[in-house]
Amino acid sequence: MAHHHHHSHVDCIRLVPIFNHLNEEQMSLIAQSAHEVHYEKNALLFGSGDKDDTLYIVNNGRVRIYNLNESGREQTVRILNPGDFMGEVAIFQTESYHSNYAEAISEVSICRIHKKDMNDYLDAYPEIIRRILSDVTKRLQVSEKQTMQVGMEQVESRIIDFLSEYVENEENHTYVTLPMSKKDLASYLGTTPETISRKFSALEEKGLIKQHTHKYIEIFDLDELLFSSS
(Lines give C-alpha, C1' and ligand atoms only; values in the text may rest on other atoms or scores of the structure.)
Protein backbone atom coordinates (compact mmCIF):
# COMPACT_ATOMS: atom_id res chain seq x y z
CA MET A 1 0.00 0.00 0.00
CA ALA A 2 1.32 3.45 -0.88
CA HIS A 3 0.82 6.43 1.40
CA HIS A 4 1.07 9.92 -0.04
CA HIS A 5 2.57 12.91 1.71
CA HIS A 6 2.07 16.10 -0.19
CA HIS A 7 4.24 18.34 1.96
CA SER A 8 7.35 19.13 0.00
CA HIS A 9 10.57 17.32 0.74
CA VAL A 10 13.79 19.01 -0.15
CA ASP A 11 15.59 15.99 1.36
CA CYS A 12 15.18 13.73 -1.59
CA ILE A 13 16.01 16.53 -4.03
CA ARG A 14 19.17 17.32 -2.11
CA LEU A 15 20.07 13.65 -2.13
CA VAL A 16 20.30 13.26 -5.89
CA PRO A 17 23.30 14.32 -7.98
CA ILE A 18 20.93 15.36 -10.76
CA PHE A 19 19.55 18.15 -8.56
CA ASN A 20 22.04 18.86 -5.80
CA HIS A 21 24.12 21.22 -7.95
CA LEU A 22 21.21 23.69 -7.87
CA ASN A 23 20.96 26.36 -5.21
CA GLU A 24 18.61 26.07 -2.22
CA GLU A 25 15.93 28.22 -3.79
CA GLN A 26 15.88 26.16 -6.99
CA MET A 27 15.86 22.92 -5.04
CA SER A 28 12.93 23.92 -2.90
CA LEU A 29 11.06 24.97 -6.03
CA ILE A 30 11.51 21.47 -7.46
CA ALA A 31 10.64 19.95 -4.10
CA GLN A 32 7.22 21.58 -4.30
CA SER A 33 6.24 19.29 -7.14
CA ALA A 34 7.82 16.24 -5.55
CA HIS A 35 5.44 13.92 -3.72
CA GLU A 36 6.83 11.62 -1.12
CA VAL A 37 5.32 8.15 -1.20
CA HIS A 38 5.94 5.30 1.21
CA TYR A 39 5.82 1.65 0.21
CA GLU A 40 5.75 -1.43 2.39
CA LYS A 41 8.35 -4.16 1.84
CA ASN A 42 7.48 -6.25 -1.28
CA ALA A 43 5.05 -3.63 -2.60
CA LEU A 44 5.02 -3.11 -6.37
CA LEU A 45 5.84 0.47 -7.41
CA PHE A 46 4.91 -0.20 -11.01
CA GLY A 47 4.48 -3.13 -13.34
CA SER A 48 5.17 -3.91 -16.96
CA GLY A 49 2.70 -2.10 -19.20
CA ASP A 50 2.00 0.71 -16.72
CA LYS A 51 2.28 4.24 -18.04
CA ASP A 52 5.80 5.56 -17.59
CA ASP A 53 5.44 9.27 -16.86
CA THR A 54 7.12 9.85 -13.52
CA LEU A 55 10.64 10.28 -12.22
CA TYR A 56 11.14 8.15 -9.10
CA ILE A 57 13.88 9.09 -6.64
CA VAL A 58 14.71 6.65 -3.87
CA ASN A 59 14.87 8.51 -0.58
CA ASN A 60 15.09 5.57 1.85
CA GLY A 61 15.27 1.83 1.37
CA ARG A 62 16.01 -0.19 -1.73
CA VAL A 63 14.11 -1.00 -4.89
CA ARG A 64 14.58 -3.93 -7.23
CA ILE A 65 13.84 -3.62 -10.93
CA TYR A 66 13.19 -6.92 -12.64
CA ASN A 67 11.62 -8.30 -15.78
CA LEU A 68 10.08 -11.66 -16.56
CA ASN A 69 11.68 -13.90 -19.17
CA GLU A 70 9.67 -16.13 -21.53
CA SER A 71 9.33 -18.87 -18.94
CA GLY A 72 8.08 -16.39 -16.35
CA ARG A 73 11.28 -16.35 -14.29
CA GLU A 74 12.23 -13.05 -12.69
CA GLN A 75 15.49 -11.52 -13.86
CA THR A 76 16.82 -8.71 -11.74
CA VAL A 77 17.85 -5.79 -13.90
CA ARG A 78 18.98 -3.36 -11.29
CA ILE A 79 18.92 -2.54 -7.57
CA LEU A 80 18.33 1.09 -6.59
CA ASN A 81 19.77 2.55 -3.39
CA PRO A 82 18.98 5.89 -1.76
CA GLY A 83 19.83 8.70 -4.17
CA ASP A 84 19.26 6.54 -7.26
CA PHE A 85 16.47 7.35 -9.66
CA MET A 86 14.42 5.66 -12.35
CA GLY A 87 11.90 6.74 -14.93
CA GLU A 88 14.31 9.21 -16.51
CA VAL A 89 13.75 7.69 -19.95
CA ALA A 90 10.10 8.74 -19.93
CA ILE A 91 11.08 12.38 -19.63
CA PHE A 92 12.63 12.35 -23.09
CA GLN A 93 9.86 10.41 -24.83
CA THR A 94 6.40 11.49 -25.85
CA GLU A 95 4.59 8.46 -24.48
CA SER A 96 6.14 5.43 -22.89
CA TYR A 97 5.19 2.39 -20.86
CA HIS A 98 7.21 0.41 -18.34
CA SER A 99 8.71 -2.83 -19.62
CA ASN A 100 9.92 -3.84 -16.15
CA TYR A 101 8.59 -4.25 -12.64
CA ALA A 102 9.79 -2.29 -9.62
CA GLU A 103 9.46 -3.80 -6.17
CA ALA A 104 10.32 -2.47 -2.73
CA ILE A 105 12.95 -4.81 -1.21
CA SER A 106 12.58 -3.08 2.14
CA GLU A 107 10.30 -0.34 3.39
CA VAL A 108 10.86 2.43 0.88
CA SER A 109 10.23 6.12 0.68
CA ILE A 110 10.23 7.61 -2.79
CA CYS A 111 9.94 11.09 -4.20
CA ARG A 112 7.92 11.18 -7.37
CA ILE A 113 8.03 14.04 -9.83
CA HIS A 114 5.65 14.04 -12.75
CA LYS A 115 7.04 14.30 -16.24
CA LYS A 116 5.34 17.59 -17.07
CA ASP A 117 6.91 19.24 -14.02
CA MET A 118 10.28 17.70 -14.89
CA ASN A 119 10.10 19.20 -18.36
CA ASP A 120 9.74 22.71 -16.92
CA TYR A 121 12.84 22.19 -14.79
CA LEU A 122 14.86 20.81 -17.69
CA ASP A 123 14.11 23.97 -19.66
CA ALA A 124 15.04 26.17 -16.73
CA TYR A 125 18.16 24.25 -15.65
CA PRO A 126 19.76 22.43 -18.60
CA GLU A 127 22.54 21.17 -16.29
CA ILE A 128 19.99 18.61 -14.98
CA ILE A 129 19.92 17.02 -18.43
CA ARG A 130 23.68 16.66 -18.41
CA ARG A 131 23.59 15.04 -14.98
CA ILE A 132 20.88 12.59 -16.01
CA LEU A 133 22.82 11.68 -19.13
CA SER A 134 26.02 11.15 -17.21
CA ASP A 135 24.24 8.80 -14.79
CA VAL A 136 22.57 6.84 -17.58
CA THR A 137 25.81 6.47 -19.56
CA LYS A 138 27.66 5.17 -16.50
CA ARG A 139 24.96 2.56 -15.99
CA LEU A 140 25.18 1.58 -19.64
CA GLN A 141 28.93 1.03 -19.39
CA VAL A 142 28.54 -1.13 -16.31
CA SER A 143 25.81 -3.19 -17.90
CA GLU A 144 27.76 -3.75 -21.11
CA LYS A 145 30.74 -4.95 -19.09
CA GLN A 146 28.50 -7.26 -17.05
CA THR A 147 26.89 -8.74 -20.14
CA MET A 148 30.31 -9.68 -21.47
CA GLN A 149 31.47 -11.21 -18.20
CA VAL A 150 28.24 -13.07 -17.59
CA GLY A 151 28.47 -14.55 -21.07
CA MET A 152 32.01 -15.79 -20.55
CA GLU A 153 31.65 -17.04 -16.99
CA GLN A 154 28.43 -18.87 -17.65
CA VAL A 155 29.86 -20.76 -20.60
CA GLU A 156 32.79 -22.02 -18.55
CA SER A 157 30.67 -23.23 -15.66
CA ARG A 158 28.11 -24.73 -18.07
CA ILE A 159 30.90 -26.73 -19.74
CA ILE A 160 32.16 -27.95 -16.38
CA ASP A 161 28.65 -28.90 -15.21
CA PHE A 162 28.17 -30.77 -18.45
CA LEU A 163 31.48 -32.65 -18.16
CA SER A 164 30.77 -33.63 -14.57
CA GLU A 165 27.42 -35.14 -15.61
CA TYR A 166 29.11 -37.44 -18.12
CA VAL A 167 32.09 -38.46 -16.05
CA GLU A 168 33.17 -42.12 -16.12
CA ASN A 169 35.66 -43.59 -13.67
CA GLU A 170 38.28 -46.25 -14.18
CA GLU A 171 40.81 -46.99 -11.47
CA ASN A 172 42.26 -43.57 -10.48
CA HIS A 173 41.48 -42.29 -13.95
CA THR A 174 38.53 -40.04 -14.74
CA TYR A 175 37.41 -39.36 -18.25
CA VAL A 176 34.44 -38.19 -20.29
CA THR A 177 33.31 -39.36 -23.68
CA LEU A 178 31.33 -36.47 -25.11
CA PRO A 179 27.88 -37.65 -26.21
CA MET A 180 27.84 -35.16 -29.07
CA SER A 181 30.15 -33.16 -31.30
CA LYS A 182 31.63 -29.89 -30.01
CA LYS A 183 29.48 -28.06 -32.51
CA ASP A 184 26.30 -29.60 -31.07
CA LEU A 185 27.63 -29.07 -27.57
CA ALA A 186 28.07 -25.39 -28.40
CA SER A 187 24.47 -24.92 -29.43
CA TYR A 188 23.28 -27.05 -26.50
CA LEU A 189 25.16 -24.78 -24.09
CA GLY A 190 24.03 -21.65 -25.90
CA THR A 191 27.36 -20.51 -27.26
CA THR A 192 29.55 -20.73 -30.36
CA PRO A 193 31.90 -23.59 -31.40
CA GLU A 194 34.82 -21.12 -31.25
CA THR A 195 34.03 -20.28 -27.64
CA ILE A 196 33.74 -23.96 -26.74
CA SER A 197 37.15 -24.70 -28.29
CA ARG A 198 38.67 -21.71 -26.52
CA LYS A 199 37.22 -22.77 -23.19
CA PHE A 200 38.38 -26.37 -23.57
CA SER A 201 41.88 -25.14 -24.41
CA ALA A 202 41.84 -22.83 -21.42
CA LEU A 203 40.89 -25.69 -19.10
CA GLU A 204 43.66 -27.75 -20.68
CA GLU A 205 46.20 -24.98 -20.14
CA LYS A 206 45.17 -24.79 -16.50
CA GLY A 207 46.04 -28.49 -16.29
CA LEU A 208 42.49 -29.47 -15.39
CA ILE A 209 41.71 -31.63 -18.42
CA LYS A 210 43.44 -33.21 -21.39
CA GLN A 211 41.74 -33.64 -24.76
CA HIS A 212 42.90 -36.97 -26.18
CA THR A 213 40.53 -36.92 -29.14
CA HIS A 214 37.63 -34.66 -30.06
CA LYS A 215 35.28 -36.63 -27.88
CA TYR A 216 37.54 -38.31 -25.36
CA ILE A 217 38.55 -36.02 -22.52
CA GLU A 218 40.57 -36.91 -19.47
CA ILE A 219 39.87 -35.09 -16.20
CA PHE A 220 42.81 -35.00 -13.81
CA ASP A 221 40.97 -33.89 -10.69
CA LEU A 222 37.22 -33.60 -10.77
CA ASP A 223 37.01 -31.74 -7.46
CA GLU A 224 39.50 -29.19 -8.65
CA LEU A 225 37.64 -28.80 -11.93
CA LEU A 226 34.32 -28.27 -10.15
CA PHE A 227 35.95 -25.90 -7.71
CA SER A 228 37.38 -23.81 -10.56
CA SER A 229 33.90 -23.07 -11.88
CA SER A 230 32.36 -21.89 -8.62
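Which residue lies over the face of phenylalanine 200? Lysine 182 does, at 4.9 Å from the ring centre. A charge counts as over a ring if NZ of Lys or CZ of Arg is within 6 Å of the ring centre and within 35 degrees of the ring normal. Arginine 139 lies over the face of phenylalanine 85, at 5.9 Å from the ring centre.

This is a predicted model, in which local features need pLDDT of at least 70, side-chain atom pairs count only at pLDDT 80 or more, and totals for chains, interfaces and linings use all residues. Residues are numbered from 1 along each chain as its sequence is written, and side-chain values use heavy atoms, with hydrogens and water left out.

**Helix 7**

Phe200 also belongs to the buried set of helix 7, with Thr195, Ile196, Lys199 and Leu203. Seen down the axis of helix 7, the buried residues fall within an arc of 135°, so they line one face of the helix. The arc is that of the directions from the helix axis to the C-beta atoms. Buried means under 20% relative accessible area, exposed over 50%, and partly exposed in between (1.4 Å probe, protein chains only). Glu194 and Glu205 are exposed on the other side of helix 7.

Helices (H or I, at least four residues) and strands (E, at least two) are DSSP runs, numbered from the N terminus. Helix 7 covers residues 193–205, and its 13 residues should span 18 Å at 1.5 Å a residue. The expected span is 1.5 Å times one less than the number of residues. The end C-alpha atoms of helix 7 are 18 Å apart, which agrees. Glycine 207 follows helix 7, with a positive phi near 75°.

**Helix 2**

Helix 2 (residues 24–32) has Met27, Ile30 and Ala31 buried. These residues cover an arc of only 105° around the axis, which puts them on the same side of helix 2. An α-helix has 3.6 residues a turn, so residues three or four places apart point the same way. The face of helix 2 turned away from its buried side carries the exposed residues Glu25 and Gln32.

**Aromatic pairs**

The whole structure holds three aromatic pairs. Rings of Phe, Tyr and Trp (its six-membered ring) pair if their centres lie within 6.5 Å; planes under 30 degrees apart count as stacked, over 60 as edge-to-face and the rest as tilted. Two of the pairs are tabulated.

| Pair | Centre to centre | Angle between planes | Class |
|---|---|---|---|
| Tyrosine 66 and tyrosine 101 | 5.2 Å | 10° | stacked |
| Tyrosine 175 and tyrosine 216 | 5.1 Å | 40° | tilted |

Tyrosine 66 lies in strand 5 (residues 63–68) and tyrosine 101 in strand 8 (residues 101–104), so the pair ties together parts 35 residues apart in sequence. Tyrosine 66 counts as buried, at 8% relative accessibility. Tyrosine 175 sits in strand 11 (residues 173–177) and tyrosine 216 in strand 13 (residues 216–219), 41 residues apart. Tyrosine 175 is buried at 11% relative accessibility, whereas tyrosine 216 is partly exposed at 28%.

**Disulfide**

One disulfide is found in the whole structure. The term covers a pair of cysteine sulfur atoms within 2.5 Å. Cysteine 12 and cysteine 111 form the link, with sulfur atoms 1.8 Å apart. The link is left-handed, with -100° about the S-S bond. Cysteine 12 lies in helix 1 (residues 10–15) and cysteine 111 in strand 9 (residues 108–114), 99 residues apart. Cysteine 12 is buried at 0% relative accessibility. Cysteine 111 is buried, with a relative accessible area of 0%.
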